Amino acid sequence: LLALLSPAHAQTLPPPTNIRLNPITGVATWNAVSGATLYRVHVELPGPLNTYRLAFTNSLDLNEAAFCCIVGVSYRFRVQTRNNSGDGSFSSWISFTYGVGPPVVESAPRERTPTPVPLPIPTQDHSQLPAGAEVDSDSIWISMREVSGAAIGDPSVRAAAMSAIDIWAPLELQAEVCFAGDGSLLLLDAAYSPRALVWMDSYRRADGKACAQLDRNGTVVLMPSQPPATPAPQATATPNPHLIAENPDEATTLADCTVSARYVLNFRERPAGRIMSVYLGATPAIARTDNWFQVEYLGETGWISAHYVTTEGDCD
């Protein structure tokens, strides 16, 4: 019995070798020892408190040990090999500071220089419209295509539909939609799911086409009923509250203001005026009204809505 408890007998199994520790992840690994069936990992914390964890493999995540590991605190650990008879030995202590990575090199701040983002100017594509149909809009950033009955979700509309056009624009949409032939126009409003059915104020144009004014995204469907003989174009929804035609001569001049747009905006000739192209990016603002900023963009001077941009500097 004394022989079994003697220090000499306790050293019959060698300590583990090639012990490695990743101080960022807290994972320790070592080479297995032939004949060892149990490892005891000792983690020593600052002060009198020690923790002990058993491991049956040749690695251990020290984060799992109690009270370990707080970033920036110094610890040390060692590994003991044992077999079922109790024979074994300790490795040397390995000290480490958990979670301290390489030093962070701070670079000098750079001045922010807004750079306009050049975008290809799209053109309206009418090639995918039904025969004789028209979509007339000042906005060139507008998509339109004929859709078949399979794209119309409501069975009653699908059964009666004579023709249909899906129309979409990213921000503002104002357009006249016309179909060849007789009928009334029904809008499948894309603002709702499932799409809401909105009867549009249809009218017959001088050339005999059935038309209506559109101011939102959706699918316009030609249905078999007669429109009024007298044109009476009206908006099908509440107009955009920000589309206000202000006087550019009353704008306030700006000297230190940058405006940024994360989404595509209409680039207009004047406040609420004709759409010249599209705007995206960050540029200095020249002037502003209550609802609009004047900017120079890709060699042109125009106006963008103040309600869809973020500002930096003195922009009031």
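Cys178 and Cys211 are both buried, and in this predicted model they pair up as a disulfide, with sulfur atoms 2.0 Å apart. Taking sulfur pairs within 2.5 Å as the rule, the count comes to two disulfides. The other one joins Cys257 to Cys315. Here's a quick rundown of each.

**Cys178–Cys211**

- The S-S torsion for Cys178 and Cys211 comes out at about 115 degrees, so this disulfide is right-handed.
- Cys178 sits in strand 12 (residues 175–179) and Cys211 in strand 16 (residues 210–214), so the bond ties together parts that are 33 residues apart in sequence.
- As for solvent, Cys178 and Cys211 are each buried.

**Cys257–Cys315**

- The sulfur atoms of Cys257 and Cys315 are 2.1 Å apart, and the two residues form a disulfide.

**Burial at Cys257 and Cys315**

- Cys257 has 4% relative accessibility, so it counts as buried, given that the cut-off is under 20%.
- Cys315 comes in at 3% relative accessibility and therefore counts as buried.

Conventions:
Residues are numbered from 1 along each chain as its sequence is written. This is a predicted model: local features need pLDDT of at least 70, side-chain atom pairs count only at pLDDT 80 or more; totals for chains, interfaces and linings use all residues. Side-chain values use heavy atoms; hydrogens and water are left out. Helices (H or I, at least four residues) and strands (E, at least two) are DSSP runs, numbered from the N terminus. Buried means under 20% relative accessible area, exposed over 50%, partly exposed in between (1.4 Å probe, protein chains only).
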